[in-house]
Amino acid sequence: MTTKEKQLYRAFLEAENETEVAALLRDLLTLPEIDELALRLEVARQLSEGKTQRVVAKSSGASIATVTRVNQWLTRGMGGYKLVLERLYNHRHQHH
């Protein structure tokens, strides 16, 4: 991990809420890039719920290639998707 990468990761940790994360992402990325990241997370969410790749592609609008790639990262990646989805899911249910 480079110093520049560490700085980027720490920058996200400094954001205190969704509005601040949104502002940082909007300054770092284009709207299509943000949309692509959001799509990948949604694909990962649906896959983690046990939906098939074909069903996820159809319901999300993602290409089969994107769904396949996200599925590979979800199952054999660094665990980032699983960690975040678990926390989002648990967080959502703790407040209802």
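Let's start inside: the largest nonpolar core has 12 residues, namely Leu-39, Val-43, Ala-44, Leu-47, Val-56, Ala-57, Ala-62, Val-67, Val-70, Leu-74, Tyr-81 and Leu-85. A nonpolar core here is a set of buried Ala, Val, Leu, Ile, Met, Phe, Trp, Tyr and Cys residues joined through side-chain atoms within 4.5 Å. Four helices, H3 (31-48), H4 (53-60), H5 (64-76) and H6 (80-94), each supply at least two residues of this core, and the largest share, 4 residues, comes from H3. As for cut-offs, buried means under 20% relative accessible area, exposed means over 50%, and partly exposed is in between (1.4 Å probe, protein chains only).

Before going on, a word on provenance: this is a predicted model, where local features need pLDDT of at least 70 and side-chain atom pairs count only at pLDDT 80 or more, while totals for chains, interfaces and linings use all residues. Residues are numbered from 1 along each chain as its sequence is written, and side-chain values use heavy atoms, with hydrogens and water left out.

Zooming out, the chain has 6 helices and 0 strands, both taken as DSSP runs numbered from the N terminus (helices: H or I, at least four residues; strands: E, at least two). The C-alpha atoms fill a box of roughly 35 × 35 × 25 Å along the principal axes. Of the 96 residues in the chain, 17% are buried. Take the contacts (heavy atoms within 4.5 Å) between residues at least 6 apart in sequence: 35% of them join residues at least 24 apart.

Leaving aside residues up to four places away in sequence, Leu-47 touches Thr-52, Gln-53, Val-56, Val-67, Val-70, Asn-71 and Leu-74.

Now for the charges. The whole structure holds 4 salt bridges, each a side-chain nitrogen of Lys or Arg within 4 Å of a carboxyl oxygen of Asp or Glu. In one of them, Glu-42 pairs with Arg-45, with the closest N and O atoms 2.5 Å apart; the two lie in helix H3, 3 residues apart, about one turn of the helix. Arg-45 also meets Glu-49 in a salt bridge at 2.6 Å, N to O, and Glu-49 is bridged to Lys-51 at 3.9 Å. Shared partners join Glu-42, Arg-45, Glu-49 and Lys-51 into one network. Glu-42 counts as partly exposed because its relative accessible area is 26%, and Arg-45 is partly exposed at 25%.

Met-1, Leu-8, Tyr-9 and Leu-28 make a nonpolar surface patch of about 430 Å². Patches use residues with over 30% relative accessible area and no salt bridge, joining like charges within 9 Å and nonpolar side chains (Val, Leu, Ile, Met, Phe, Trp, Tyr) within 5 Å. Leu-8 is found in helix H1 (residues 3-14), and is partly exposed, with a relative accessible area of 35%.

Definitions and conventions: Areas by Shrake-Rupley, 256 points an atom, 1.4 Å probe, with all protein chains shown as cover.
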